[in-house]
Amino acid sequence: MTHQTVIPAFRATGAQALIDWLRDTIGLTEHMVVPDGEGGIAHAQLEWRGSLVMLGSTRGDADFLDETVGKASINLTAESNEQVDDLYRKVQEAGATISVPMEDTDYGSHSFSFRDPEGNFWHVGTYDPLAPEPE
């Protein structure tokens, strides 16, 4: 497996609640979560199939990452159509806003997009840009 060298990072107004939602709804796992000692999250690393996304609580001190609240865009590569279907059901049950309904794209992905409770955009699909070309 290729070592991940691009890691999305963003802030959330309710970081712990968002971490809980992402864990419970779509199955991200807590690789590392560091509380800030004031009820927020200083830094969190969440894992999806061997890759990480980082987030933390807003800081209110003009930190440039505070500008990402509700504006992040993250793509999750699923391992099968069935996994995409399962996640589609789970995010609907959790009340997420579906931005792009389930579709089979002309480039071969079974996918959909949604917004999390903070407004961040997530895309889930089977298209894997790192998969070897078929022979």
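Before going on, a word on the model: it's predicted, so local features need pLDDT of at least 70 and side-chain atom pairs count only at pLDDT 80 or more, while totals for chains, interfaces and linings use all residues. Residues are numbered from 1 along each chain as its sequence is written, and side-chain values use heavy atoms, with hydrogens and water left out.

So where does F114 sit? In the largest nonpolar core, which has 28 residues, F114 is among those with the most contacts inside, along with L22, I26, L28 and W122. Such a core is a set of buried Ala, Val, Leu, Ile, Met, Phe, Trp, Tyr and Cys residues joined through side-chain atoms within 4.5 Å; buried is under 20% relative accessible area, with a 1.4 Å probe and protein chains only. Which helix gives the core its largest share? That's α1, with six residues.

Now the whole fold. There are two helices and eight strands, in the order β-α-β-β-β-β-α-β-β-β. Those are DSSP runs numbered from the N terminus: H or I of at least four residues for helices, E of at least two for strands.

Of the 135 residues, 40% are buried. Generally, nonpolar side chains in soluble globular proteins tend to be buried together.

Last one: the C-alpha atoms fill a box of roughly 50 × 35 × 25 Å along the principal axes. Thanks, everyone!

Technical notes: Buried < 20%, exposed > 50% of the residue type's maximum accessible area, 1.4 Å probe, protein only.
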